[in-house]
Amino acid sequence: MRIIFILFMLFYVLPIVASAAVYWFGERDSDWRSADRSSMRWLPPAQQMPAAVVRVFSARTVSWRGILATHSWVVIKDAGAPAYERFDYTAWGGPIWKDRFAPDGRWFGSDPELIFAADGAEAAGMIPTIRETIRNYRYPRPGDYRLWPGPNSNTFVAAIMQAVPMKAALPSTAVGKDFPYDGQWVGWAPSRTGVRLNLAGYFGITVGWYEGIELNLLGLVAGVDVRRPALKVPGLGRLGFAAAVLPALSRSFERRSPKGPLNPGRPPA
């Protein structure tokens, strides 16, 4: 029992306390209405990207909830399409929103993290399944959204990632990603490279090549990524090697762009 208590404190309590301290002492927008939702300029203009595109982003949620959780969304673009399409699942209205925010925009002041990227033929092959999953999503009505344990934005994106499937995993801070969208207690991990056992999103364990080993306690996830060695903890998220997807994409676009490198920083007001 002492060992269990120590592990619980190390992997669940202390990371949340540290995340709360970062939130309390860090810079943050005081009013969500005026919080920055501008583009990070990680995606080139659609006219300069003739190939098909699929992206998954995740960013800290609004206000104090960002201590524990992130919000995820999906961006797609058909080959030759003049614009990107962004899909979010929120507690407001629909709840499936299309093109309400910039495709690679900040989420109410929080910089996003790139979770998955595919271009060209690979992306083109995914887009029909993504559209079908969104069109037939099981929780499309007002009032279906539940902040905890789901279905929420992370449940929505996890369902899309599993339907494709995408060889990636949402961060441990994506509370709701383990909500059993298919209604089954036992099934494939979202990447379909492993398995999961889940009790209505409140408790569960996932083992997969892209997910690593994850333990879900009341929606809070801790675990180990063995593919790119790192610890996964609630609140703080990933502690270890980063996925390093974005720098590679940025360098690739720099070589193609006549305007020079992308600028991931805050654009002029």
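Mentor: Let us begin with strand 3 and strand 4 (residues 96-98), which pair in the antiparallel sense over 3 bridges. Two strands count as paired if DSSP finds at least two bridges between them, and the elements are DSSP runs numbered from the N terminus, with at least four residues of H or I for a helix and at least two of E for a strand. This is a predicted model, in which local features need pLDDT of at least 70 and side-chain atom pairs count only at pLDDT 80 or more, while totals for chains, interfaces and linings use all residues. Residues are numbered from 1 along each chain as its sequence is written, and side-chain values use heavy atoms, with hydrogens and water left out.

Trainee: Which residue of strand 4 is the bridge partner of phenylalanine 87?

Mentor: In general, strands of a sheet pair through backbone hydrogen bonds, either parallel or antiparallel. Here the partner of phenylalanine 87 is lysine 98 in strand 4. Strand 3 and strand 4 form a hairpin with 6 residues between them, and glycine 93 in its turn has a positive phi of about 65 degrees. Strand 3 is also joined to strand 2 (residues 70-77) by 3 bridges, again antiparallel, and there valine 75 has arginine 86 of strand 3 as its bridge partner.

Trainee: Which way do the residues of strand 3 point, and how many of them are buried?

Mentor: In a regular strand the side chains alternate between the two faces of the sheet. In strand 3, Glu85, Phe87 and Tyr89 point one way and Arg86 and Asp88 the other way, and all are buried. Buried means under 20% relative accessible area, exposed means over 50%, and partly exposed lies in between, with a 1.4 Å probe and protein chains only. Because 5 of the 5 residues of strand 3 (residues 85-89) are buried, the strand is largely enclosed by the rest of the structure.

Trainee: What is the order of the strands in the sheet of 5 strands?

Mentor: That open sheet has the order 4-3-2-1-5, with antiparallel pairing. Strand 4 and strand 5 (113-119) stand at its edges with a single partner strand each, so one side of each is left without a neighbour in the sheet. Neighbouring strands of this sheet are turned by 15 degrees against each other on average, direction ignored. Angles run from 0 to 180 degrees between N-to-C directions, and the axes are lines fitted to C-alpha atoms, for helices over the stretch in contact. Strand 1 (residues 53-60) pairs with strand 5 in the antiparallel sense over 6 bridges, and valine 56 has phenylalanine 116 in strand 5 as its bridge partner. Helix 3 packs on the sheet, touching strand 1, strand 2, strand 3, strand 4 and strand 5, and its direction makes about 40 degrees with that of strand 2. Contact here means heavy atoms within 4.5 Å.

Trainee: Is threonine 155 buried or exposed?

Mentor: Threonine 155, which is found in helix 3, counts as buried at 1% relative accessibility. Leaving out residues up to four places away in sequence, threonine 155 touches Tyr137, Gly150, Gly176, Lys177, Phe179 and Tyr181.

Trainee: How many residues apart in sequence are phenylalanine 179 and threonine 155?

Mentor: They are 24 residues apart in sequence and 6.1 Å apart in space, C-alpha to C-alpha. Phenylalanine 179 is in the loop between helix 3 (153-163) and strand 6, and is buried, with a relative accessible area of 11%. Beyond its neighbours within four places in sequence, phenylalanine 179 is in contact with residues including Tyr139, Arg146, Pro149 and Gly201.

Trainee: What is the order of the strands in the sheet of 7 strands?

Mentor: This open sheet has the order 6-7-8-9-10-11-12, with antiparallel pairing. Strand 6 (186-188) and strand 12 (237-240) stand at the edges, each with a single partner strand, so one side of each is left without a neighbour in the sheet. Its twist averages 15 degrees from one strand to the next. Strand 9 (residues 212-217) and strand 10 (residues 220-225) pair in the antiparallel sense over 5 bridges, and asparagine 216 stands opposite valine 221 in strand 10. Helix 1 (residues 2-25) lies across strand 9, strand 10 and strand 11 (230-233), running at about 120 degrees to strand 10.
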